[in-house]
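Take a moment to look over the model below before reading on.

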Amino acid sequence: VLGLPVRIKAENADAGELASHKMGYAIGECPEEPVEIIMTADAQKSETFFWLVRAWCGKEQSYLLDFGRASSKAELREISKRRYRTPIGDYAPTRRLIDAGAFTDDIYQFCDADPSNRWTPIKGVEKREARTPADPKGKRKDGRPLLIVHTHYCRQALAAMISRPKG
């Protein structure tokens, strides 16, 4: 019903289940020319990070290029330098985003530590009146960039995409 929060029942998926949703292309390769290759990461307890890399093409099309778990910030930085094959050449992620909702100060320090391997912190906010998926003009207390993600908008958009017939 329009206006009510979306409740998506989720289960844990293993690597095989995730890979089964791929559309006939090899991990690490994008079959179309991407507009952007984005790596995202989520910090867990004791310096563990779950991460994934997607190539975003036109018309809401994206391709899962890689995913996994890093055991340290140093490993996460190394992984973020991997290059992925596209029809126009091999590229590392053009944007790196990391959730700063938990361990905020630690994540900010990580983002600021290496200017040559720049990460942007992101935080989700529940803003029901949002008309866009994110506010790219968000700022931290010290004025540095913070990408604000409108979680309600994103859940609604995801639910709409899932409900569309395939093809």
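In this predicted model, tyrosine 63 has a relative accessibility of 5%, and because buried means under 20%, the residue counts as buried. Tyrosine 25 counts as buried too, at 10% relative accessibility.

A search of the whole structure finds 3 aromatic pairs. In one of them, the ring centres of tyrosine 25 and tyrosine 63 lie 5.1 Å apart with their planes at 90 degrees, so this pair is edge-to-face. Since tyrosine 25 belongs to the loop between α1 and β1 while tyrosine 63 belongs to strand β3, the pair ties together parts that are 38 residues apart in sequence. Phenylalanine 110 and tryptophan 119 have ring centres 5.5 Å apart and planes at 55 degrees, so their pair is tilted. Phenylalanine 110 is buried at 4% relative accessibility, as is tryptophan 119 at 1%, and together with Phe49 they form one aromatic cluster. Over the ring of phenylalanine 110 sits the charged end of arginine 77, 4.1 Å from the ring's centre.

From here we can turn to the core. The largest nonpolar core has 27 residues, and those touching the most other members are Trp51, Leu65, Leu76, Ile98 and Trp119. At least two residues of this core come from each of β1, β2, β3, α2 and α3. Isoleucine 98, leaving aside its neighbours within four places in sequence, contacts residues including Phe49, Phe110 and Trp119.

How confident is the predictor in the protein, as a mean pLDDT? The mean is 78, with 70% of residues reaching 70 or more. Confidence is lowest in helix α1, at a mean of 57, and highest in strand β4, at 95.

Methods:
Residues are numbered from 1 along each chain as its sequence is written. This is a predicted model: local features need pLDDT of at least 70, side-chain atom pairs count only at pLDDT 80 or more; totals for chains, interfaces and linings use all residues. Side-chain values use heavy atoms; hydrogens and water are left out. A nonpolar core is a set of buried Ala, Val, Leu, Ile, Met, Phe, Trp, Tyr and Cys residues joined through side-chain atoms within 4.5 Å. Buried means under 20% relative accessible area, exposed over 50%, partly exposed in between (1.4 Å probe, protein chains only). Helices (H or I, at least four residues) and strands (E, at least two) are DSSP runs, numbered from the N terminus. Contact means heavy atoms within 4.5 Å. pLDDT is the predictor's confidence in each residue, from 0 to 100. Rings of Phe, Tyr and Trp (its six-membered ring) pair if their centres lie within 6.5 Å; planes under 30 degrees apart count as stacked, over 60 as edge-to-face and the rest as tilted. A charge sits over a ring if NZ of Lys or CZ of Arg is within 6 Å of the ring centre and within 35 degrees of the ring normal.
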